[in-house]
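User: I would like to learn how to read helix packing and a sheet in a model. Please take me through one case.

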Amino acid sequence: MGDVTTMDIRGTTETTAAPAPTPATTRRRSELAAFLRGRRARVTPADVGMPPGPRRRTPGLRREEVAQLSGVGVTWYTWLEQGRPINASAQVLDAVARTLRLDKAEREHLYHLAEVPHVARREATANAVGPEIQGIIDALDPHPAVVYNSRYDILATNPAYQDVFVGPAIEAIGVSNVLWTLFVVPEPHCPLVFRDSELPVMVATLRGAYGRHVGEPVWEDFIRELSAASPEFARLWASGDVVPPGPRVKTFRHEAVGELRMTSVSLSINGMPECRIVAYTPDDEETRRRTERLRTLRRGA
């Protein structure tokens, strides 16, 4: 067994015996360490009102500068960034988050990785939807709608979603996960027009959810297998970026009707805290006409 060092904002430390870490705990510490290093590299001395100083080799702030600005000990912060078995209070993490200029999504991700007490406990990822939810998304036709869980597994769709996003090349992949589809399908068959700007946002959204599931086999297998299947995904995953789901205007291509500009909106679902309905509505009149045309084609007119 090792020891766990706890520090409060005043710098007081307390060492207690700790049980042997589980694989999930070890993985979580590693993820926390990598996240802190990546965020520290983004913040320059000028960002926090410090002179750059001579012979600076470190991109961003040095560890001792983060510790000083956060009001914690240099050794303690170094151990935190190295993934050592130490505990941090919410107060200390707040101070570190302010120094690293973390936004709301990144701050929440930090809390999940550190398992601070005030963060909502982990909820299981749902695997199915009931007839009530299916009825809601069906009623949105001719607007595409889908239910995703936090890993972007596709749990339910309406016919309009199938019209826009599902073609022979995608069906051939045989995986009901939108991220897997977008990264593995040959680029000419990818429905996203601006994939270079859209895919990084989706991966950053995935990482925000991953903070609640670090070390869980189904999540670790998914990340590992998709990274092996797609070097592009592996590169984006390694960036460490985090964003929350939110409304966006996206452009899709369809071989029958052309490009579709749609606003995507995420709606939470009662009783399914890690799932969301994503509904797509036309962003312009031409797209509205084209979605109606798709419904007409489906009906065989």
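Predicted model: local features only at pLDDT ≥ 70, side-chain atom pairs only at ≥ 80, totals over all residues.

Analyst: Residues are numbered from 1 along each chain as its sequence is written, and side-chain values use heavy atoms, with hydrogens and water left out.

User: At what angle do H10 and H12 pack?

Analyst: Helices (H or I, at least four residues) and strands (E, at least two) are DSSP runs, numbered from the N terminus. Axes are lines fitted to C-alpha atoms, for helices over the stretch in contact, and angles run from 0 to 180 degrees between N-to-C directions. Here H10 (residues 195-210) and H12 (residues 231-238) pack at about 60°, their axes 9 Å apart. Angles under 35 degrees count as roughly parallel, over 145 as roughly antiparallel, 65 to 115 as roughly perpendicular and the rest as oblique. H10 and H12 are therefore oblique to each other.

User: Which residues make the contact?

Analyst: Contact means heavy atoms within 4.5 Å. Among them are Leu199 and Val203 of H10 and Phe233 and Trp237 of H12.

User: In what order do the strands of the open sheet stand?

Analyst: Two strands pair if DSSP finds at least two bridges between them. The order is S5-S4-S8-S7-S6, with antiparallel pairing. S5 (154-157) and S6 (248-254) each have a single partner strand, so one side of each is left without a neighbour in the sheet. Seven bridges join S6 to S7 (residues 258-269).

User: Which strands does H13 touch?

Analyst: H13 (residues 285-298) packs on the sheet and touches S6, S7 and S8.
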